Amino acid sequence: MSTGRVVALVPAHDEGDLVGATVRSLASLPEVAEVVVVDDGSLDGTAAVSLAAGATVLRIPHRLGKGGALEGALRRLPPADVWLLADADLGDTAAGLEPVLAAVVEGRADLAVALLPPQPGGGLGSVRRFAARAIALLSGFEAEQPLSGQRAVRGEALARCRPLAHGFGVETAMTIDAVRAGLRVLEVPAPGLVHRGTGRSLEGFVHRGRQGLDIMRAVAVRLVRRRRSRP
């Protein structure tokens, strides 16, 4: 299968300490033609660090959240044959997405989702379990890591999952939409990936609360769609 044009798309909010390494690591993948950082209302040096590392930078003056930032970027960017979605905090480990990208480039999947090894700073798993159950309920797909934001997806496949869901609901919704559209979804081990955990601090619990609300909203939208589609 021909690779076509592969673009790495990195949503980032105040990730100036790691985004440069993430950009350089993604750019080291032979298939990646361009790395685009979507600076989602950052107040630090995320944009400048990304530019210095060689990325194309799209700046959003006011924070939209992950899903909104990605959707806005896709509306502004020319089409790609394959999109490689990566979180900005992967740092030097971002090149570990190679097996995930290969699953799509080689034609084994339309959407490939990275399975990360156990990460430091994890939470209690309640949001992950809720997302997995929602995906199973609405699509029948049993997701091992439903919240993984490290993904490769064919351009045509991603178009069938748009508009992307708001905020942190984007991954759960994308998986549901892809499976229900008849696309091949595959979870791929990526043992080299490491990202920053939010931990069990107050900040971490607030983050997961926001994440859970965004997922609930995305699931509710898809429940309504399913009911409306029934004869």
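Analyst: Gladly. Keep in mind that this is a predicted model. Let us start with the charged pairs. The count comes to 12 salt bridges.

User: Which part of the chain does the partner of Arg63 come from?

Analyst: Look at the partners, then at where each sits. Arg63 and Asp40 meet through their side chains in a salt bridge, 3.9 Å from N to O. The pair links distant parts of the chain. Arg63 is in the loop between β3 (56–60) and α3 (66–76), while Asp40 belongs to strand β2 (residues 32–40). They are 23 residues apart.

User: Is Asp40 buried or exposed?

Analyst: The cut-off for buried is under 20% relative accessible area. Asp40 has 4% relative accessibility, so it counts as buried.

User: Which helices does the pair Lys66 and Glu171 tie together?

Analyst: Begin with the distance. The closest N and O atoms of Lys66 and Glu171 are 2.5 Å apart, and the two form a salt bridge. Lys66 lies in helix α3 and Glu171 in helix α7, so the bridge ties together parts that are 105 residues apart in sequence. Now check the cover. Lys66 is buried, with a relative accessible area of 15%. Glu171 is buried too, at 5% relative accessibility.

User: What separates Arg75 and Glu71 along helix α3?

Analyst: Count along the helix. Arg75 and Glu71 are four residues apart in α3, so about one helical turn separates them. Their side chains meet in a salt bridge, 3.2 Å from N to O. Arg75 counts as exposed, at 62% relative accessibility, whereas Glu71 is buried, with a relative accessible area of 8%.

User: How many residues of helix α7 are buried?

Analyst: For a helix, go residue by residue. Helix α7 (residues 170–180) is mostly covered, with nine of its 11 residues buried. Among them are Val170, Glu171, Met174, Ile176 and Asp177. Just after α7, check the backbone as well: Gly182 takes a positive phi of about 85°.

User: What does Met174 touch, beyond its neighbours within four places in sequence?

Analyst: First, the core. The largest nonpolar core has 36 residues. Leu9, Leu77, Trp83, Leu111, Leu158, Leu164 and Met174 touch the most other members. Helix α5 (residues 126–139) gives the most to this core, with five residues. Then the contacts. With those sequence neighbours left aside, Met174 is in contact with Leu85, Leu111, Arg151, Leu158, Cys161 and Leu164. A second, separate core has 35 residues, including Val32, Ala94, Leu101 and Ala103.

User: Where is Gly192 found?

Analyst: Gly192 is in the loop between β7 (185–189) and α8 (202–229). Gly192 is partly exposed, with a relative accessible area of 40%. The C-alpha atoms of Gly192 and Leu90 are separated by 10.0 Å, though the two are 102 residues apart along the chain.

User: And the whole chain: how many helices and strands does the protein have?

Analyst: Close with the totals. The protein has eight helices and seven strands. Of its 231 residues, 53% count as buried. Among contacts with a separation of 6 or more, 77% come from residues 24 or more positions apart. The accessible surface is about 10,500 Å², and 56% of it belongs to carbon and sulfur atoms.

Technical notes
Residues numbered from 1 in each chain as written. Predicted model: local features only at pLDDT ≥ 70, side-chain atom pairs only at ≥ 80, totals over all residues. Heavy atoms only, no water. Buried < 20%, exposed > 50% of the residue type's maximum accessible area, 1.4 Å probe, protein only. Helix = DSSP H or I, 4+ residues; strand = E, 2+ residues; numbered from the N terminus. Salt bridge = Lys/Arg side-chain N within 4 Å of Asp/Glu carboxyl O. Contact = heavy atoms within 4.5 Å. Areas by Shrake-Rupley, 256 points an atom, 1.4 Å probe, with all protein chains shown as cover. Core = buried A, V, L, I, M, F, W, Y, C linked by side-chain atoms within 4.5 Å.
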